[in-house]
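Me: I've got this one open on my screen and would like to talk it through. Can you take my questions one at a time?

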Protein chains: 2
Amino acid sequence: MTGAKAPPPIIVLVRPQLGQNIGKAARAMLNFGLTEMRLVAPRDGWPNPDAGPAASGADIVLAQAQIFDSVAEAVADCSTIYASTVRRRDLIMPVVDPEEMATAIASSPARSAILFGPERSGLETEDVAVASHIVTVPINPEFGSLNLAQAVILLAYEWSKRQTLSQPPAKDGEPPAPHAELEGLIEQANAELATAGYFHPPERMQVTKNTLRTIFTKAGWSSREVKAVRGVIRALTGSRQR
Amino acid sequence: MTGAKAPPPIIVLVRPQLGQNIGKAARAMLNFGLTEMRLVAPRDGWPNPDAGPAASGADIVLAQAQIFDSVAEAVADCSTIYASTVRRRDLIMPVVDPEEMATAIASSPARSAILFGPERSGLETEDVAVASHIVTVPINPEFGSLNLAQAVILLAYEWSKRQTLSQPPAKDGEPPAPHAELEGLIEQANAELATAGYFHPPERMQVTKNTLRTIFTKAGWSSREVKAVRGVIRALTGSRQR
């Protein structure tokens, strides 16, 4: 877990074209707890009336968005800058994947920023050159078609996985029952099955019982579930006994 | 690449509403190398003219999409089924995060499926009850607003990350039975229990059935074990019928 010492990354949209995509990016950010958006020379100016509806409620991100004329100005207060793009032949710089980027951001006390290019063309060489690293999402080489909001959400998601913001790790609902309860179930089943003539021929009985034990043990049922299964067995045999 | 031993998951869209969202989901899938889409009762029928343009070139996914009337039919050949949803109060079943799901899928030789609900309402309890696990994306608790394609892309991305790993570790034992076999067991149990008067009072019947479904699903039994349990049920009720 990272504490206050590792600030969240700033999302920088470089010359974004459609207001709708700015809104979708804001929504993607807020889904994973990112709130600081910076816009470099948005094509249609700012504010953009198309952004709000597409943000689906992430208005706070749009309201706080800051506008800059150049990438250099937008990241002036940031120490580590990632350019989200494919590997570039024209620039030699470290290339990381989203996990490596997220780990680095979550363990750095310095401010970081992630640059995303315009929807159609992506980042220019000059934009990427401002960055210290390239971050590339490993994508299907035969069908690479990530849109802006998708690129933002994948990187925001990787970042958030390292945060306390995320819910506590998911756990199974209930612990398995104490062994004695499972043993009670197995005894009940064996007794009822013996009465029903299930263990036939007799010389196979132990093998069959072992199989049943494995089946019941493997299930990993909780106390509540063991009780329910015992009730089921009672119900299934009940009419017979009456 | 993991090879034939760990097949990619099938993406099942349950009662999707807009063709556009089906197309976006197809694009999200193909971005990370998933191609098998199944549709359960799409609201506006199929094919849907809005799907193609939104797929941005992922036409092969749409062209191969299969249509089913019910969730159970759509996953009949799948052994492990994940329901993409938030944690449910009405069902007690294992909850995993995307990483845990992806690791499990990438190391299992059995077919798996991931269920996604309709855009507005999400999966119904009955849909989730078909699954063996809930998969929940850990999201900003104050702004959870993942759309269908975003949920698909995050899970597809996590899956694809495991594909660079060499091969799945060998698993002990037998793979879980195909879902249709489990469904047969559940139907048999329900029918016998109904005969035995187990579902009482009637208004609790559906809840009780969901609980039993979870109990049987959680067990992860193989084909051989499902057959054995069916034999047990037959034996327990057999003397009654005689």
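This is a predicted model: local features need pLDDT of at least 70, side-chain atom pairs count only at pLDDT 80 or more; totals for chains, interfaces and linings use all residues.

Me: How much area do chain B and chain A bury between them?
Reply: Taking contact as heavy atoms within 4.5 Å, chain B puts in 65 residues and chain A 62 residues. Buried area is the accessible area (1.4 Å probe) that two parts lose on being put together, summed over both. Carbon and sulfur atoms carry 60% of it, and the total is about 5100 Å².

Me: Which element gives the most to the side of chain B that touches chain A?
Reply: Across this interface there are 16 residue pairs in polar contact, both at pLDDT 80 or more; that means N or O atoms within 3.5 Å, where within protein one must be able to donate a hydrogen and the other to accept it, and residues adjacent in sequence count only if both atoms are side-chain atoms. On the chain B side, the elements supplying at least two residues each include α1 (19-31), α7 (148-161) and α10 (223-241); helices (H or I, at least four residues) and strands (E, at least two) are DSSP runs, numbered from the N terminus. With 12 residues, the top contributor is α10(B).

Me: Which residue of chain A meets B:Lys161 in a salt bridge at 2.4 Å?
Reply: A salt bridge here is a side-chain nitrogen of Lys or Arg within 4 Å of a carboxyl oxygen of Asp or Glu, and the interface of chain B and chain A has 5. B:Lys161 pairs with A:Glu99 at 3.0 Å, N to O. At 2.4 Å, N to O, its partner is A:Glu158. B:Lys161 lies in helix α7 of chain B and its partner in helix α7 of chain A, so two chains are joined by B:Lys161 and A:Glu158.

Me: How do the residues of the lining of the largest cavity divide by class?
Reply: The largest cavity has a volume of about 160 Å³, and among the residues closest to its centre are A:Phe216 and B:Phe216. α9 (205-218) and α10 (223-241) of chain A, along with α10 of chain B, each supply at least two lining residues. The lining has 15 nonpolar, no polar and no charged residues.

Me: Where is A:Ser56, the non-glycine with a positive phi?
Reply: Most residues other than glycine have a negative phi, and most peptide bonds are trans. A:Ser56 has a phi of about 50°. Its place is the loop between α2 and α3 (59-63) of chain A.

Me: Which residue does a cis peptide bond join to A:Pro201?
Reply: A:Pro201 sits in the loop between α8 (179-195) and α9 of chain A. Omega is about 0° for the bond, and the partner is A:His200.

Note on methods:
Residues are numbered from 1 along each chain as its sequence is written. Chains are lettered from A and ligands numbered from 1 in the order in which they are written. Side-chain values use heavy atoms; hydrogens and water are left out. On a 1 Å grid over the protein atoms alone, a cavity is a set of points where a 1.4 Å probe fits but cannot get out, and a pocket is an open set with protein on both sides within 12 Å along at least five of seven lines; lining residues have an atom within 4 Å of a point. Grid points are joined across faces, edges and corners, and a volume is the space filled by probe spheres set on the points. Ala, Val, Leu, Ile, Met, Phe, Trp, Tyr, Cys and Pro count as nonpolar, Asp, Glu, Lys and Arg as charged, and the others, Gly among them, as polar.
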